[in-house]
Amino acid sequence: MLQRQAIWALGAMSGTSLDGVDAALVLTDGHRIFEFGDTAYRPYTAAEQAVIRAAFGLWPGDPGVEAAAEVVETAHAEVLSRFAGAEIVGFHGQTLAHDPRGHGTHQAGSGAVLAEVLGLPVVWDFRSADVQMGGQGAPLAPFFHFACAEWFGAREPLAFLNLGGVGNLTWIEPGKSLPEEPGACLAFDTGPANAPVNDLMLARRGLACDEAGALAAMGTPDQAILDQFLRHQYFFKMPPKSLDRNAFHDLLPAVAQLSDADAAATLTAAAALAVARGAEHFPCPVARILVAGGGRHNATLMHMLAEALPCRVEPVEAVGLNGDMLEAQAFAHLAVRVARGLPTSGPSTTGVAAAVGGGQISRPNA
Ligand SMILES: Nc1ncnc2c1ncn2[C@@H]1O[C@H](COP(=O)(O)OP(=O)(O)OP(=O)(O)O)[C@@H](O)[C@H]1O
Ligand SMILES: CC(=O)N[C@H]1[C@@H]2OC[C@@H](O2)[C@@H](O)[C@@H]1O[C@H](C)C(=O)O
């Protein structure tokens, strides 16, 4: 593999919401993105979701983990074998447990199994090395975000916001320096994003989410609850920082007395205000925040973000990116970085002691 040559890499991500597997082709040399290629999505069946969900919080060797890994491998093999032309695969797997200061990090699914099935080198286990060197093991998308900013010709500082179960921000100063050098990127979790609203919708309405933010749009946020929310110690920590998923466990009980619409409005406003608090940590202001992840389909959340932030808030589609595929594309790009010995995280993105190239590479035996 020539060091400078761009190759087609195939990335795959199975997110925390457990809806399915996203896969995408990227032409990259590990530094620059030259082209985005085909994408595909393979939903999990309800039965598959149940097997994986039963293994949430478990570690390698625990009962139930092997079954979850098999489901993850089968779904990935199915969707990834639809593609032709890739030279390498970046396989994130499904995070079952993440405890950077304790056990470590655990993504289900073996890259070695996939390498055999696909007949391609597979880069996987992207997060362990970072955690072992004292990093948070997440987020890993920032160096890819940096390459995206260069790809669409950004000249001013900007930020990417991912609105999944939690929110995370990457602040970028394009052209400033290579992303492996501190100063060009700063990344951190903002706080809860879609997860509390989803939990509320499930508990009160039996629905998976607040479609387009329609319920929240009918309610009024409760200011006292929001004030209390913003006093949480997480907002006073300096980035890079990542969220303990249980850190905001008292948010849902706090809205128990509110009507469905007011509760949805309050939780949606909390997500937006958490992002605004996060933006206060940017080393310098940005003109725009580009939003990826499912939360950008929530019009009420997007509206509240625009109100809370002193800059433009736009879906990543505004610059020609695909907000549903960004994470899969990130692992395609990161796979090439790993194969070429380039770092995948650094002190300003995960808090790791020094820039580190995570991931192991499995090659087919034949
Ligand atoms: N049309 C919609 N209206 C409202 N919310 C939506 C819509 N589509 C997606 N969402 C929200 O986005 C969530 C899924 O987001 P996404 O696919 O980015 O999560 P994920 O990648 O699994 O999570 P993470 O990035 O935390 O791993 C859904 O659970 C829902 O809350
Ligand atoms: C441990 C883990 O799987 N974290 C995921 C999760 O999903 C979104 C957010 O939480 C982010 O921190 C990360 O994934 C993205 C792709 C990242 O590492 O950048």
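Is Leu 18 buried, partly exposed or exposed, going by its C-beta neighbours inside 10 Å? In this predicted model, Leu 18 has 16 such neighbours and so counts as partly exposed. A residue is called buried at 20 or more and exposed at 12 or fewer, with partly exposed in between.

## Leu 18 and the loop around it

Leu 18 sits in the loop that runs between β1 and β2. Its phi is near 65 degrees, which is a positive value in a residue other than glycine. Most residues other than glycine have a negative phi. Beyond its neighbours within four places in sequence, Leu 18 is in contact with Tyr 44, Gln 49, Ile 52 and Arg 53.

Thr 16 also lies in the loop between β1 (7-14) and β2 (20-28). Thr 16 has 15 other C-beta atoms within 10 Å and is therefore partly exposed. With neighbours within four places in sequence left aside, the contacts of Thr 16 are Thr 95, Gly 164 and Gly 165. In an unreviewed UniProt entry, the annotation "binding site" covers Gly 15, Thr 16, Ser 17, Leu 18, Asp 19, Gly 20, Val 21 and Asp 22.

## Two domains

The protein chain is assigned two stretches as domains: domain 1 (7-138 + 325-362) and domain 2 (153-319). Taken over C-alpha atoms, the centres of domain 1 and domain 2 are separated by 24 Å. The contact takes 15 residues from domain 1 and 12 residues from domain 2.

On the side of domain 1 that touches domain 2, helix α13 (residues 347-350) supplies the largest share, four residues. By class, this side of domain 1 has six nonpolar residues, nine polar and no charged.

## The nonpolar core

The largest nonpolar core has 111 residues, and the members that touch the most others are Ala 9, Val 89 and Ala 335. Helix α10 (residues 260-279) gives the most to this core, with 12 residues. The core lies between domain 1 (7-138 + 325-362) and domain 2 (153-319), because both give residues to it.

What is Ala 9 in contact with, leaving aside its neighbours within four places in sequence? The list is Val 26, Thr 28, Ala 86, Glu 87, Ile 88, Gly 90, Ala 332, His 333, Ala 335 and Val 336.

## Ligand 1

Around ligand 1 there are 20 residues, and the closest are Gly 15, Ser 17, Gly 164, Gly 293 and Gly 294. Gly 15 and Ser 17 are also among the positions that the UniProt annotation "binding site" covers. The shell around ligand 1 divides by class into three nonpolar, 14 polar and three charged residues.

## Ligand 2

Ligand 2 has 14 residues around it, of which Thr 95, Ala 138, Pro 139, Leu 140 and Ala 141 come nearest. Elements that give two or more residues to this shell are β4 (88-99), β8 (166-172) and α12 (326-339). The shell around ligand 2 has six nonpolar residues, seven polar and one charged.

Why does ligand 2 lie between domain 1 and domain 2? It does so because both domains give residues to the shell around ligand 2. Thr 95, which is among the residues nearest to ligand 2, is also a contact of Thr 16.

## Backbone exceptions

Most peptide bonds are trans. Ala 138 and Pro 139, however, are joined by a cis peptide bond, with omega about -10 degrees. Pro 139 is placed in the loop between α4 (128-132) and α5 (142-151), and both Ala 138 and Pro 139 are among the residues that come nearest to ligand 2. Another cis peptide bond joins Pro 239 and Pro 240, where omega is about 0 degrees. Pro 240 lies in the loop between α8 (223-230) and α9 (251-254).

Ala 212 has a positive phi of about 60 degrees although it is not a glycine. The place of Ala 212 is the loop between α6 (194-205) and α7 (214-217). Ala 212 counts as partly exposed because it has 14 C-beta neighbours inside 10 Å.

Methods:
Residues are numbered from 1 along each chain as its sequence is written. Chains are lettered from A and ligands numbered from 1 in the order in which they are written. This is a predicted model: local features need pLDDT of at least 70, side-chain atom pairs count only at pLDDT 80 or more; totals for chains, interfaces and linings use all residues. A nonpolar core is a set of buried Ala, Val, Leu, Ile, Met, Phe, Trp, Tyr and Cys residues joined through C-beta atoms within 7 Å. Domain bounds come from an automatic or database domain assignment. Two residues are in contact if their C-beta atoms, placed from the backbone, lie within 7 Å. A residue is near a molecule or strand if its C-beta atom, placed from the backbone, lies within 6 Å of it. Ala, Val, Leu, Ile, Met, Phe, Trp, Tyr, Cys and Pro count as nonpolar, Asp, Glu, Lys and Arg as charged, and the others, Gly among them, as polar. UniProt positions are given in the numbering used here, feature names are shortened, and annotations may be inferred rather than shown by experiment.
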